[in-house]
Amino acid sequence: MIEQYTITNKYNFPQPSIDSTLPQRFFEQSIHSLKQVQHHPLQLNQQFQQLNTTEQYPHNIQLKPQPIILKPDHQETIIAAIDTSTIKIGETSTGIIVAVRGATTWKQNGAYKYTRLGPFIFHITEENKNQLYNTLEHAYFSTAYGSCHQAAPNIMQMPTRLASLLERWLQTMLAKTVNRGVLLFDGSLTCGTPETPTQRLREILGYARRNQSTVLAFSKATTLRANGLLITEQLPNRDPPYLLETAGVHSKPPMMLLGDVYVARLNKANLAFRLDIDKETPVEQRMDAIQKLLGNDLYTQSYPETLRLSHILCAFTANEVLAIKHFITRKHGIQIINRPDMHKLLFGSYGFKGEN
Amino acid sequence: MKLYKKEGNILQIISFPTESAEKGDYLLVEDADAAKALIAQVIDVQFAAVPGVLEELLRTLPDGGEPLQGEDIDPMEIAPHITYIQDASLLICKIRATLENEMLSPSSSWLPSRSQSTIKKLSIPMLMKLAKVDGKLPIILGGTKDSSLLTIDASSIDGTLNIITGKKGCGKSHLSKLLMVNLVGYKATVVIFDLNGEYSSLGLTNDGKRNMYYDKIHTLIPSQNFKVALEQLPLNTVMGILVNALHLPGTSAREFRRLWKMLKEQGKLNMQNLGEAIRDLNCNQHVRDALASRFHSFANSGFFTDCPGEATLLDESLFKAKDAGGAIIVNLKNTSNIDRQIVVEYVLGKLVDSLSNWKLKAVFLFAEEAHLYLRETYWDDIVTRMRHYGIFTTFITNQPDTIQDTIYRQADNIFLFNFTNEHDLDVVSRAARVDAETVRSIARDLPPHHCLTLGKVVRDFPIVARVRALDIKTMGETRLFFPTLNS
């Protein structure tokens, strides 16, 4: 039986009437899963890796050579961003222990503010992964899209799934509450994946449109290529800020792309990013939104500061990982053991797994 | 607390916020398997190098301006754990001894188990018990941080050279008074060179009433109640004054010695006859002038008299103090620089004379700002020759660099008050019984009236204590122009 826990309903940015069901369920499921692992030894994760969803989206596309020149619009506009992060804390004899956290950041009246949700700590096992995910999914939408009808996710994919679920919930909350704002998402507007069911993303974009807000999704990395070269590396010899339009981007079913893809170079830093903007947003509103972003946010490395802060705020530091270990040891009696890392043991200093 | 590192005799210990440890505290690092324990003293407290702390702090400062305002919804209450880890401290500890079978040894050559060792605070009373800092003649110096009393034994300052130092107004004179009255209480003879006239009231309570020491305090004011007759003076004492205090050249000194012996043999040794003998002396003009000028210094000091009845006080005081104990306070407050040197030369000569003839057993000498009246060659004399006669000196100064290096190297006990000046701390660090890190780290943070006691009295376990109050009329306060504003 799942015990009932209450959390303070503080998530009231920037308007009231916010549904806190998902964080409530996150909290309950987190506690419930940790209770199952009490007094079990925990093996430390020997190479900490923050798990972020990386999208594979290879397509040959065209990149229009004529840039769309942008002018910063200083009309005061709310710029809000969301990001989530997850980290594997360690392994138990039956599963893994992960932490998930989300952050929303916004700039209003010249000041950055944030709300951070979490961390939530889960013990994920083969036995509880379906129940855990479905409970959270049901808490999110009254009807679950996709994942519960599909094959159960691999246990190693679960952290990403949980983070995605929290991210979509945060995006929904922002889309529902911000009026005439610019919403910055991390990643693309690709959907139809187990992590991002199409209907879910449609709803989020729909809420944003209803509130006359514009969703701008920035990808830190892209695999999209035009003429064999990455679209973010074919920048014209023009002064930024500008956008480059793409054409011919198609996705293979069941995946769908709900946005139009651009390349955004926002300042003189020689960096450009893939930018997805909701297909159903009128072109004029799109340009208006990106120019308001330029006029209201900082973008020192061609990347919006609000989104950068969201990422920074939800990322787990080594200090926090230590604190989480301390928490699970003290509160849940999980013994931390340090089994030898076979990579390190066999290969010495060459024993890294490639990711660090 | 967890043992983190050992380098030489320095231990590094990780301490969490719930385990409060401060500079000066003692820790017992116990390795049950080895059946041994290290006794270490915290000499510095630093932040532990927790990974990720810098990122943690920096991420709340987005553009170098105002800290990022926000709200953390943390239903699982992880934040206190983050703070707990972030606030972990690293205790830098100096190993003082190894405890094995309830015996202490100064060794730090073994390595306790990092994973199995238990670390706990060692209370000062327990440390004192282990170090066997006890005895039959207790002197309560004051209270330690853990509310226990720091008690030393009077016998541990017997035969020793002591230094009380610290910056102005931190309680040095107060501690020296405390030591003095306790020594007097144990029937010791104490002589004080009182530069500012602040020890005269040792026999009075705060409200001006007589205390138990009243009859044992003998204040001598040169040229007032403290005079000497020439016939009472041994020749070597007079020569000491002339050569060392008045810088009489060798040839003139020889002539003076001849004159002195002649007058002594004739039974005519007094100021008047000495003056006349110098005036009538048939010798080189320069020699006569040199002797005349020294004679005038003698005469002008008012310290010498031809009346033997006026000149018995020092002997009397020493005699009284010999059996019942007592403090002879030589008040040098209104004495000129030359006269001060004459008086000090005389008193030291007299003490050596009395001690060498076994008229006295031993004397505890307290010398405030001794550089103002002690000639340079006396420093070595005091720590070597005079110690063997039984003069055990305590130097009190707020200018540690005025005391010679040789004194620091041979000091048995140092009572160190607050110093913030690096140079001063460096000077004190030269003492043989002190390690420089302890002095630099602990002394800099000592609050007023707190003293770091080092050396034999605490069996080389440096201990910080707040010097206890004394019910003695204070006279060492600085005179103020705006007393009410400053009080």
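Helices (H or I, at least four residues) and strands (E, at least two) are DSSP runs numbered from the N terminus. The model is predicted, so local features need pLDDT of at least 70 and side-chain atom pairs count only at pLDDT 80 or more, while totals for chains, interfaces and linings use all residues. Residues are numbered from 1 along each chain as its sequence is written, and chains are lettered from A and ligands numbered from 1 in the order in which they are written.

**Exercise 1.** State how many helices and strands chain A has.

Solution. Chain A has eight helices and 17 strands.

**Exercise 2.** Describe the side of chain A that touches chain B.

Solution. Step one: two residues are in contact if their C-beta atoms, placed from the backbone, lie within 7 Å. On that basis chain A gives 30 residues and chain B gives 24 residues. Step two: the elements of chain A that give two or more residues are helix H1 (21-35), strand S7 (111-125), helix H6 (305-314) and helix H7 (318-332). S7(A) gives the most, ten residues. Step three: Ala, Val, Leu, Ile, Met, Phe, Trp, Tyr, Cys and Pro count as nonpolar, Asp, Glu, Lys and Arg as charged, and the others, Gly among them, as polar. The side of chain A that touches chain B then divides into 20 nonpolar, five polar and five charged residues.

**Exercise 3.** Find the strand of chain B with which S7(A) pairs, and its sense.

Solution. Two strands pair if DSSP finds at least two bridges between them. S7(A) pairs with strand S5 (residues 69-73) of chain B over five bridges, in the parallel sense. Within S5(B), B:Gly70 is the bridge partner of A:Tyr114.
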